[in-house]
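The report is meant to be read with the structure open beside the text.

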Amino acid sequence: MRRLIRDERGAAAVETSLILAPLFTVLMGVFFVGWAIHCSGEVRQAVTRAGRVFALERSATETTFRQRFEAELHAVSPGQVTLQFRQHALPSGAELVEIQWSYGHPTKIPFTDQVYRFGGAIEVPRPPAGSA
């Protein structure tokens with residue numbers, strides 16, 4: 001029995017297996033959180049680019065915005081993003097359109113099932129009616 005206790009053959013394999021599981025979990029967590037942040041940035045950029053439609057075209061509607069928004073997305077499904085529009089009339093006759101967005105990214109990190117929530121808002125000025 002003493003000879004079996006002193007035998008160190010295979011100890012490196014056991015130590016490696018004890019270290020690799022938590023290390024792999026941490027690395028996968030870093031990857032998945034980074035991907036969630038990347039997708040959130042893509043949504044923010046798509047909202048900003050599509051918001052230019054309101055700033056440049058007075059006749060643009062929410063449908064026009066949504067079409068442009070969906071065309072800008074590549075890694076995110078448009079169905080995962082919630083958009084809300086609010087229009088405020090300004091004394092000059094111009095409008096200010098506030099576009100709020102929220103996005104939930106499901107993450108499959110080992111040992112957790114979490115949805116990271118991102119959101120933001122932009123304000124887009126629109127020229128008065130009848131201006132070119």
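What follows describes confidence, then the helices, then the sheet and the packing between them.

The model is predicted, and the protein chain has an average pLDDT of 87, with 92% of the residues scoring at least 70. Confidence is lowest in helix α1 (residues 2–6), where the mean is 69, and highest in α3, where it is 94. Where pLDDT is low, the predicted coordinates should not be read in detail.

**Two helices in contact**

Two packed helices are described by the angle between their axes and the distance between the axes. For helix α2 (residues 11–56) and helix α3 (residues 62–72), the axes come within 8 Å and cross at roughly 140 degrees, and the crossing in which α2 passes α3 is right-handed. On the α2 side the contact is made by V43, A46, V47, R49, A50, G51, V53 and F54, and these meet E62, T64, F65, R68, F69 and E72 of α3.

Three strands make an open sheet in the order β1-β2-β3, and their pairing is antiparallel. At the edges are β1 (81–89) and β3 (114–126), each of which pairs on one side only, and the twist from one strand to the next averages 15 degrees. Strand β2 (residues 95–107) and β3 run antiparallel and are joined by 13 bridges; within this pairing, L96 has P125 in β3 as its bridge partner. Helix α2 packs on the sheet and touches β1, β2 and β3, with its direction making about 160 degrees with that of β2. Helix α3, for its part, lies across β1 and β2 and runs at about 140 degrees to β1.

| Elements | Angle |
|---|---|
| α2 and α3 | roughly 140 degrees |
| α2 and β2 | about 160 degrees |
| α3 and β1 | about 140 degrees |

Taken together, α2 is in contact with α3 and also packs on the sheet, while α3 lies across β1 and β2.

Technical notes: Residues numbered from 1 in each chain as written. Predicted model: local features only at pLDDT ≥ 70, side-chain atom pairs only at ≥ 80, totals over all residues. Heavy atoms only, no water. Axes fitted to C-alpha atoms, helices over the stretch in contact; angles between N-to-C directions. Helix = DSSP H or I, 4+ residues; strand = E, 2+ residues; numbered from the N terminus. Left-handed = near helix turned anticlockwise from the far one by under 90°. Contact = heavy atoms within 4.5 Å. Pairing = 2+ DSSP bridges. pLDDT = per-residue confidence, 0-100.
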